[in-house]
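The stops below go from local backbone features to the ligand and then to the domains.

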Amino acid sequence: MGHLKLHIPGPVEVSEKTWQAFRTPMIGHRSKDFQNLYAKIQPQLQQLLSTKRLVFLSTSSAWGIMEGAIRNLVSKKVLNCMCGAFSDKWLDVSKRCGKEAEGLTVDWGSPILPEQIDAKLATGEFDALTLVHNETSTGVLSPLKEIAALKQKYPDVMFIVDTVSSMSAMATPFDELGIDLMLAGTQKAFALPPGFAVFVCSDAAMKKAATIGDRGYYFDLLEFQSNAEKSMTPSTPSISHTYALSSKLDDFFEEGLENRYARHAKLSQMTRDWAMGHGFTLFPEAGYESQTLTCINNGAKEGGRIIDVAKLQSMMKERGYAIDGGYGKIKGTTFRLSSMGDETEETMKALYAALDDSLAKL
Ligand SMILES: Cc1ncc(COP(=O)(O)O)c(C=O)c1O
């Protein structure tokens, strides 16, 4: 069987143009050529994230920075906001880093709300919090702007935000949000191969990191800062990813960021419409649906259609598509369709046609 078109929520399909950029012949990472490459993409990343801060490149998947953020920014106790597989895991990672940590838990399918965080932070126990903006496992988008507004009330708390599956698909204006660290892996809406992450830190985050003795080396924020000032990275980066990112950022600005955001909003709405039009219900609480992927109930909530998800996946495979059969504890009782990256109305309609055909024969 040939290549399956990926409609799983990451990694997503990588375009031929991106692969070509990825295959650019190698250069030295301490060369002027690399500095020029990073210096070319720095203002593009800053524009994408609406920030004047330097944006850092990490040769790791998102978890590297998620763990690094804990190691660099927590001295007292971290509040891990938990609403799905990735946000839940952050509590475990915090503890494995030897930090005091507590979870703020909501049912999967629900968002994290500002008043819940406010009540926890009001105890004065915490000097950091972690939040996953778009919980990829449940397809739930938490209200980042409203949560970030709490930073003004709790200026000494480090707001660490995973925008892994939302960054570049919707506006995540870092400076305006006033948060302290925002990160994403590149295999989601950026539609690059996995293994690379971008992130940005506030001045307060840098100052906090400087007070922490055991930051390690690979994810030391101060190393990223001093190297980025010279358009370099602390250690040898994936230069291939850097070339691919440069090409992708050109694509973003050619399309226009607002158009890009509108396209993602439209395609996720189309997918929700497709699901509901076929008797399914949606896993996320109404009003908090992701704009990059759709998490669909498989009869888990009353009134919803029930299908054999594994069979649907295998029938879709025969039609050349990879779709996801649910993640973590909702595997099988949900399935997920991604519409992030380079997808268009046309490519999504082709996916729905293949789904229609499969469902008719299920
Ligand atoms: C929201 C979110 N956070 C974190 C991660 C972890 O990313 P990685 O496995 O690339 O480190 C994922 C991966 O799917 C994710 O969706």
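Start by selecting Pro-11, which sits in the loop between strand S1 (5-6) and helix H1 (16-22). The model is a predicted one. Show the backbone and look at the bond between Gly-10 and Pro-11: this peptide is cis, with omega at about -5°. Most peptide bonds are trans.

Next, select Ser-168, in the loop that runs between strand S8 (158-162) and helix H7 (174-177). Its phi is near 80°, a positive value in a residue other than glycine. Most residues other than glycine have a negative phi.

Now move to the ligand and display the residues around it. Which residues surround the ligand? They are Ser-61, Ala-62, Trp-63, Met-66, Phe-86, Val-132, Asn-134, Thr-136, Asp-162, Val-164, Gln-187 and Lys-188.

- Ser-61: an N or O atom of the side chain is 2.5 Å from an oxygen atom of the ligand.
- Ala-62: a polar backbone atom is 3.1 Å from an oxygen atom of the ligand.
- Trp-63: a backbone N or O atom is 2.9 Å from an oxygen atom of the ligand.

Zoom out and colour by domain. The chain is divided into domain 1, made of 5-12 + 256-361, and domain 2, covering 16-253. Between the C-alpha centres of domain 1 and domain 2 there are 26 Å.

Select the residues where the domains meet. On the domain 1 side, 26 residues are in contact with 31 residues of domain 2. About 2400 Å² is buried between domain 1 and domain 2, and carbon and sulfur atoms give 61% of that area. Pick out Arg-260, Tyr-261 and Tyr-288: within domain 1, these lose the most area to domain 2, together 24% of what that side buries.

Stay at this boundary and select Asp-342 and Lys-248. Their side chains meet in a salt bridge, with an N to O distance of 2.8 Å. How many salt bridges are counted between domain 1 and domain 2? The count is one. Polar contacts between domain 1 and domain 2 come to 15 residue pairs, with both residues at pLDDT 80 or more.

Finally, switch to a cartoon view and highlight helix H11 (257-277) and strand S11 (293-297). Each supplies at least two residues to the side of domain 1 that touches domain 2. H11 gives the most to that side, with four residues.

Methods: Residues are numbered from 1 along each chain as its sequence is written. This is a predicted model: local features need pLDDT of at least 70, side-chain atom pairs count only at pLDDT 80 or more; totals for chains, interfaces and linings use all residues. Side-chain values use heavy atoms; hydrogens and water are left out. Domain bounds come from an automatic or database domain assignment. Contact means heavy atoms within 4.5 Å. Buried area is the accessible area (1.4 Å probe) that two parts lose on being put together, summed over both. A salt bridge is a side-chain nitrogen of Lys or Arg within 4 Å of a carboxyl oxygen of Asp or Glu. A polar contact is a pair of N or O atoms within 3.5 Å; within protein, one must be able to donate a hydrogen and the other to accept it, and residues adjacent in sequence count only if both atoms are side-chain atoms. A residue is near a molecule or strand if one of its heavy atoms lies within 4 Å of it.
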